[in-house]
Amino acid sequence: MAQLLRVQNFMVSSDGVAAGEHQSLENPFGLDGAERLFSWAGATASWPNRTDPGGTRGLDDYFTRDFKHNIGAEIMGRNKFGPQRGPWEDHQWRGWWGEEPPFHTPVFVLTHHSRPSITLSDTTFHFVDADPATALELAREAAQGKDVRLGGGVTTVREFLDADLVDTLHVAVAPVKFGTGLRLWDSPDDLRDRFHLEVVPSPSGVTHHLLWRK
């Protein structure tokens, strides 16, 4: 079977905003109140950072669990790895994710500035200066037959959509508006020319948008 490039659990506001333009170490999303985008996932029983028992089951929990299903590698933009811009000034900085990153696969970080690969637990980050198609080739080889997850951020997802490389998307739309910021779309209908779309509301208030290539 073909290896899919999948966008999983990508979170946007009802006006399509996924991040702000002023990301920082203290504010990774660059948005005030960004936690409103992902609170639905954090409330589930399968949330990987859960430290207490309990959590919700049902639709939201299914998508939280599906995040890692059959994923063999991830591609992300540099902004998702960390807040630095330009040449790497601090090689001691090893990403937002701590010593136990949640990926558990090879991760290909798109950057115009090379640096050596780093391994944290069972995740290895490779820093590549490549166009989307080349990065996808590298990730597919590393995934060893499994699918590749396109992790974001929003600019990276848009680049791969523009290159017509994305096979499926799961976008969780939260019932909040930010007004300004980096938008995935003006409307999910923007993608109907290339994708089927199914919209599934959840009792949590988030609306799951499932898109797959026609």
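A salt bridge is a side-chain nitrogen of Lys or Arg within 4 Å of a carboxyl oxygen of Asp or Glu. By that criterion, R140, D164, D167, R194 and R213 are linked in a network of salt bridges, and a search of the whole structure finds 14 salt bridges. This is a predicted model, in which local features need pLDDT of at least 70 and side-chain atom pairs count only at pLDDT 80 or more, while totals for chains, interfaces and linings use all residues. Residues are numbered from 1 along each chain as its sequence is written, and side-chain values use heavy atoms, with hydrogens and water left out.

**Sheet**

- Nine strands form an open sheet with mixed pairing, in the order 5-6-4-3-7-1-8-11-10; strands (E, at least two residues) and helices (H or I, at least four) are DSSP runs numbered from the N terminus, and two strands pair if DSSP finds at least two bridges between them.
- Strand 5 (118-120) and strand 10 (195-201) are the edge strands, each pairing on one side only.
- From one strand to the next, the twist averages 20°.
- Five bridges join strand 4 (residues 106-110) to strand 6 (residues 123-128) in the parallel sense, and L110 stands opposite V128 in strand 6.

**Helices on the sheet**

- Helix 1 (residues 35-42) lies across strand 1 (5-13), strand 8 (168-174) and strand 11 (207-213), where contact means heavy atoms within 4.5 Å.
- Helix 1 runs at about 120° to strand 1; axes are lines fitted to C-alpha atoms, for helices over the stretch in contact, and angles run from 0 to 180 degrees between N-to-C directions.
- Helix 5 (residues 154-162) runs at about 130° to strand 7 (147-152), and the strands it lies across include strand 3 (71-77).

**Salt bridges**

- R213 and D164 form a salt bridge with their closest N and O atoms 3.1 Å apart.
- Because R213 lies in strand 11 and D164 in the loop between helix 5 and strand 8, the pair ties together parts that are 49 residues apart in sequence.
- R213 is partly exposed at 30% relative accessible area, and D164 is partly exposed at 37% (buried means under 20%, exposed over 50%, partly exposed in between; 1.4 Å probe, protein chains only).
- R65 and D61 meet in a salt bridge (3.2 Å, N to O); they are four residues apart in helix 2 (residues 59-66), so about one helical turn separates them.
- D61 is buried at 1% relative accessibility, whereas R65 is partly exposed at 43%.
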